[in-house]
There are 2 protein chains.
Amino acid sequence: MSEQALRTLFEDYLGAHLPQGGVVREAMAYALGGGGKRLRPLLVLMAVEAAGGSAESALPAALAVEAVHTYSLVHDDLPDMDNDDFRRGRPSCHRTFGTAVAILAGDGLLTWGLGLMADPDLRRAHGDRECLECLAVLTAAIGDAGMVGGQALDLGFGDASREEIDQLKTAALFGAAAEVGAILGGTERLRQPLRNFGQALGRAFQAVDDRLDLKTADPLLTGPLQAAAERHSAEALRQLLLLGPAGQELAGLVARLSQRQA
Amino acid sequence: MSEQALRTLFEDYLGAHLPQGGVVREAMAYALGGGGKRLRPLLVLMAVEAAGGSAESALPAALAVEAVHTYSLVHDDLPDMDNDDFRRGRPSCHRTFGTAVAILAGDGLLTWGLGLMADPDLRRAHGDRECLECLAVLTAAIGDAGMVGGQALDLGFGDASREEIDQLKTAALFGAAAEVGAILGGTERLRQPLRNFGQALGRAFQAVDDRLDLKTADPLLTGPLQAAAERHSAEALRQLLLLGPAGQELAGLVARLSQRQA
């Protein structure tokens, strides 16, 4: 399927599964909405297809990855963390619902996301072993050796380079999303290359993000970030070689992400 | 095994698996220490044995339940939640490590706990289907229809009785712990009775807790809570009948919990 078709598939599925009823679920749904780029769930679905599986049957896993990503945005934005009042052009979750509800909405999103690995449809379509492998891959990318650890380093707890922080905060979940796709696609030998692919794509994505954040076209400032984005994109493409023509859609994603202007 | 033997087994396992290295892991270990009663992991292990399984092989699941319980304590104590400076007679996690690290430690504990459902030893000993069933049971008890939802109601978001809040905040995880035990004990027909047992035990535990919190012996005040504790204890015992003599250790736990004075 094309990226656009997969995007529609995912948005429809998300729309049909948005939490509702009560303030915590409202806050969860609010955070999940708001025009996210849905890169991580797309990466799951595209990786599934590249690995020879069906995107539809992997939708619960794509939703899981988006819920986990959204949890991290909600908690990272909190006043005691990055203290961001806006997210995707709207007031952030805690600005809209208060800090207590935002903490709980993040906890709820994280719990929901990981619980989706036991979704009956996902289990039926892919098998229990595969679901548990995905759970292990995801929790490793989230916890104290992944996003949680990266956010602590980003806040200044401990010594780490920008690259190490980006690896934990961004690339780990990109890598996990692609590896989840390989697992659900049913092609064990593609787990490592797709994981590497996802991580390189995550690093490229972060470099582009940092370049766009500069809000300048001065090549002295943008040059090094542009070079990093291209280096990581090339590494991502190199990992796709093993897939042959099946990697075409993923290669297109690399190109679009590394050239985006907003 | 006796309650004391199971307690030692669990403490040794926990001690060997405490997170270490970096401030978030330190905060996770700090919150996991500090003389908790370990009721929920004990409940897992005792339920496993009552259902005919081996407690040793269920240790990762017991640790998972304790990690999840500890996450909820760390987040509930936060300044924007219950704002508790002390926990188990020591400064609470955020008083010791700061609010940002406490939020991350809670996230890390929750992630770690749920990830333990994919622990290789647990999978080998009990099977992938059983591990995923446990994941589903646990996440249902934690999320927006469990502890997370209960904490929101407790903070005043939405209308609910004290009983409904206690059910979500306390009884749900007790019920899940006992059901996880039934699943890992390998006796499907005991899932529902052991889940009911755990929930009733949780309600009895909460009533005793509330009575002790009164810090008075005035029977006009303690009477209704004592009566509730006894009613819920009787309900818990009734659920054990199906187990016959295998329910003896669990019955002993009911007696000790309902009669405790501290």
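Start at Pro79(B). Pro79(B) is partly exposed, having 16 other C-beta atoms within 10 Å. For the cut-offs: a residue is buried with 20 or more other C-beta atoms within 10 Å of its own, exposed with 12 or fewer, and partly exposed in between, with C-beta atoms placed from the backbone. Pro79(B) sits in the loop between α4 (59–76) and β1 (86–87) of chain B. Helices and strands here are DSSP runs, numbered from the N terminus: H or I and at least four residues for helices, E and at least two for strands. Leaving out residues up to four places away in sequence, Pro79(B) touches His94(B) and Thr99(B). Touching, or contact, means that the C-beta atoms, placed from the backbone, lie within 7 Å. His17(B) is 62 residues from Pro79(B) in sequence, and 29 Å away in space, C-alpha to C-alpha.

A word on provenance. This is a predicted model: local features need pLDDT of at least 70, side-chain atom pairs count only at pLDDT 80 or more, and totals for chains, interfaces and linings use all residues. Residues are numbered from 1 along each chain as its sequence is written, while chains are lettered from A and ligands numbered from 1 in the order in which they are written.

Now the two copies. How is chain B laid on chain A? By a turn of 180° and a shift of 0.0 Å along the axis, with an RMSD of 0.0 Å. So the two copies are related as by a two-fold rotation axis. In chain B, the C-alpha nearest that axis belongs to Asp128(B), at 2.9 Å. The superposition is least squares on C-alpha atoms of residues with pLDDT of at least 70 in both copies.

Next, the interface. 42 residues of chain B are in contact with 42 residues of chain A. On the chain B side, α2 (23–32), α6 (99–115), α8 (128–142) and α9 (147–154) each supply at least two residues. α6(B) gives the largest share, 12 residues. By type, that side of chain B divides into 24 nonpolar, 11 polar and 7 charged. The classes: Ala, Val, Leu, Ile, Met, Phe, Trp, Tyr, Cys and Pro are nonpolar, Asp, Glu, Lys and Arg are charged, and the others, Gly among them, are polar. 100% of the interface residues of chain B are also interface residues in chain A, so the copies meet through the same surface.

On to the core. The largest nonpolar core has 181 residues, and Ala105(A) and Ala105(B) have the most contacts inside it. A nonpolar core is a set of buried Ala, Val, Leu, Ile, Met, Phe, Trp, Tyr and Cys residues joined through C-beta atoms within 7 Å. Beyond residues up to four places away in sequence, Ala105(B) touches Val24(B), Ala27(B), Met28(B), Ala31(B), Val74(B), Cys93(B) and Phe97(B).

Look at α9 in chain A, residues 147–154. 7 of its 8 residues are buried, so α9(A) is largely enclosed by the rest of the structure. What covers them? The cover includes α4 (59–76), α8 (128–142) and α10 (162–185) of chain A, together with α2 and α6 of chain B. Just after α9(A), Gly156(A) has a positive phi of about 100°.

α11(B), residues 191–213, has 23 residues, which at 1.5 Å a residue should span 33 Å; its end C-alpha atoms are 32 Å apart, which agrees. The expected span is 1.5 Å times one less than the number of residues. 17 of the 23 residues of α11(B) are buried, so this helix is largely enclosed by the rest of the structure.

Between α11 and α12 of chain B comes a loop holding Lys215(B). Its phi is positive, near 55°, and Lys215(B) is not a glycine. Most residues other than glycine have a negative phi. Lys215(B) counts as exposed, with 7 C-beta neighbours inside 10 Å. In chain A, Lys215(A) also has a positive phi, about 50°.

Then α12(B). Its buried residues are Ala229(B), His232(B), Ser233(B), Ala236(B), Gln239(B) and Leu240(B). Down the helix axis they fall within an arc of 110°, so they line one face of α12(B). That arc is taken over directions from the helix axis to the C-beta atoms. The face turned away carries exposed Pro219(B), Leu220(B), Gly223(B) and Ala227(B). Cover for the buried residues of α12(B) includes α11 and α13 (248–259) of chain B.

Conventions: Contact = placed C-beta atoms within 7 Å.
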